[in-house]
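Subject: Structure handover

Hello,

Here is the structure I promised to pass on. Please open it first, then read the notes that follow.

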Amino acid sequence: DSSAAASQGERLVVWKIQTYSTIHIYEEQSLRFQWEAFHSLHEVSQSAFGNCDVISAPLVEWSRAGVSKEVTVKDLSPGRHYFICSVGGHCAAGMKVDVVVHRRTALPPLPLPMIAPCSSQSSSVCGVSLSTQHTPYISLVWPSS
């Protein structure tokens, strides 16, 4: 498995030569890259990601052969982020990952109560009704005076 949840606030990425699926995280989560070989980690633009180009990409971290490395990337803004390895042909062999950072959305507001009109022709009760497409119909009724 190329990635697994390390904890609720962190996503583990085992960084090695393989093909990665897009990773989805929330903005408060971080990415923890782990590897054990001669690799690098660059955050790049979308076009550099497609071309495996690191000419102007800042280096996040690198390691020599035989050295274990662990790097945590935090505070990613909502949107897409692209990471690649620039060692040899690693990126061309699939060692690159597209990360989509999602913003947490608030729960939808509760519906406002609607006053049910009284009709002397159909009923002798009036009430307050709450209804939406997603909740069952709730009706509070009381006898008219």
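**The salt-bridge network**

A network of salt bridges links Glu10, Arg32 and Glu70. Keep in mind throughout that this is a predicted model.

Arginine 32 belongs to strand β4, which covers residues 30–36. Its side chain makes a polar contact with the side chain of glutamate 10, at 2.8 Å. The side chain of arginine 32 also makes a polar contact with that of glutamate 70, at 3.4 Å.

The pair of glutamate 10 and arginine 32 is a salt bridge, with 2.8 Å between the closest N and O atoms. Glutamate 10 sits in strand β2 (residues 10–14) and arginine 32 in strand β4, so this bridge links distant parts of the chain, 22 residues apart. Are these two residues buried or exposed? Both glutamate 10 and arginine 32 are buried. For arginine 32 the relative accessibility is 16%. The cut-off for buried is under 20%, so arginine 32 falls on the buried side.

**Other salt bridges**

How many salt bridges does a search of the whole structure find? The count is five. Two further pairs deserve a look.

Take glutamate 28 and arginine 104. Their side chains meet in a salt bridge, 2.6 Å from N to O. Glutamate 28 is in the loop between β3 (23–26) and β4, and arginine 104 is in the loop between β9 and β10 (114–116), so the bridge ties together parts 76 residues apart in sequence. Glutamate 28 is partly exposed, at 46% relative accessible area. Arginine 104 is partly exposed too, at 44%.

Now aspartate 98 and arginine 80. They form a salt bridge, and their closest N and O atoms are 2.6 Å apart. Aspartate 98 lies in strand β9 and arginine 80 in strand β8, so this pair ties together parts that are 18 residues apart in sequence. Aspartate 98 counts as buried at 11% relative accessibility, whereas arginine 80 counts as partly exposed at 49%.

**The cysteines**

The structure holds one disulfide. Which cysteines does it join? Cysteine 52 is joined to cysteine 91, with an S to S distance of 2.1 Å. The torsion about the S-S bond is about -75°, so the disulfide is left-handed. This pair, too, links distant parts of the chain. Cysteine 52 is in the loop between α1 (46–51) and β6 (59–62). Cysteine 91 is in the loop between β8 (79–84) and β9 (96–102). The two cysteines are 39 residues apart.

How do they stand in terms of burial? Cysteine 52 is partly exposed, with a relative accessible area of 26%. Cysteine 91 is buried, at 4% relative accessibility.

Cysteine 85 is in no disulfide. Its nearest cysteine sulfur is that of cysteine 91, 8.0 Å away. Cysteine 85 counts as buried, at 1% relative accessibility.

**A nonpolar patch**

Which residues form a nonpolar patch on the surface? They are Phe38, Leu59 and Trp62. Together they have about 300 Å² of accessible area. Tryptophan 62 is placed in strand β6. At 41% relative accessible area, tryptophan 62 is partly exposed.

**The chain as a whole**

The secondary structure comes to one helix and 12 strands. What is the order of the elements from the N terminus on? The run is β-β-β-β-β-α-β-β-β-β-β-β-β.

The chain has 145 residues, and 32% of them are buried. Among contacts with a separation of 6 or more, 51% are between residues 24 or more positions apart.

**Where to start**

I would begin with the network of Glu10, Arg32 and Glu70. After that, turn to the disulfide between cysteine 52 and cysteine 91, then to the patch of Phe38, Leu59 and Trp62.

Best wishes

Terms used:
Residues are numbered from 1 along each chain as its sequence is written. This is a predicted model: local features need pLDDT of at least 70, side-chain atom pairs count only at pLDDT 80 or more; totals for chains, interfaces and linings use all residues. Side-chain values use heavy atoms; hydrogens and water are left out. Helices (H or I, at least four residues) and strands (E, at least two) are DSSP runs, numbered from the N terminus. Buried means under 20% relative accessible area, exposed over 50%, partly exposed in between (1.4 Å probe, protein chains only). Contact means heavy atoms within 4.5 Å. A disulfide is a pair of cysteine sulfur atoms within 2.5 Å. Patches are made of residues with over 30% relative accessible area and no salt bridge: like charges are joined within 9 Å, nonpolar side chains (Val, Leu, Ile, Met, Phe, Trp, Tyr) within 5 Å. Accessible areas come from the Shrake-Rupley method with a 1.4 Å probe; for residues, only the protein chains shown count as cover. A salt bridge is a side-chain nitrogen of Lys or Arg within 4 Å of a carboxyl oxygen of Asp or Glu. A polar contact is a pair of N or O atoms within 3.5 Å; within protein, one must be able to donate a hydrogen and the other to accept it, and residues adjacent in sequence count only if both atoms are side-chain atoms.
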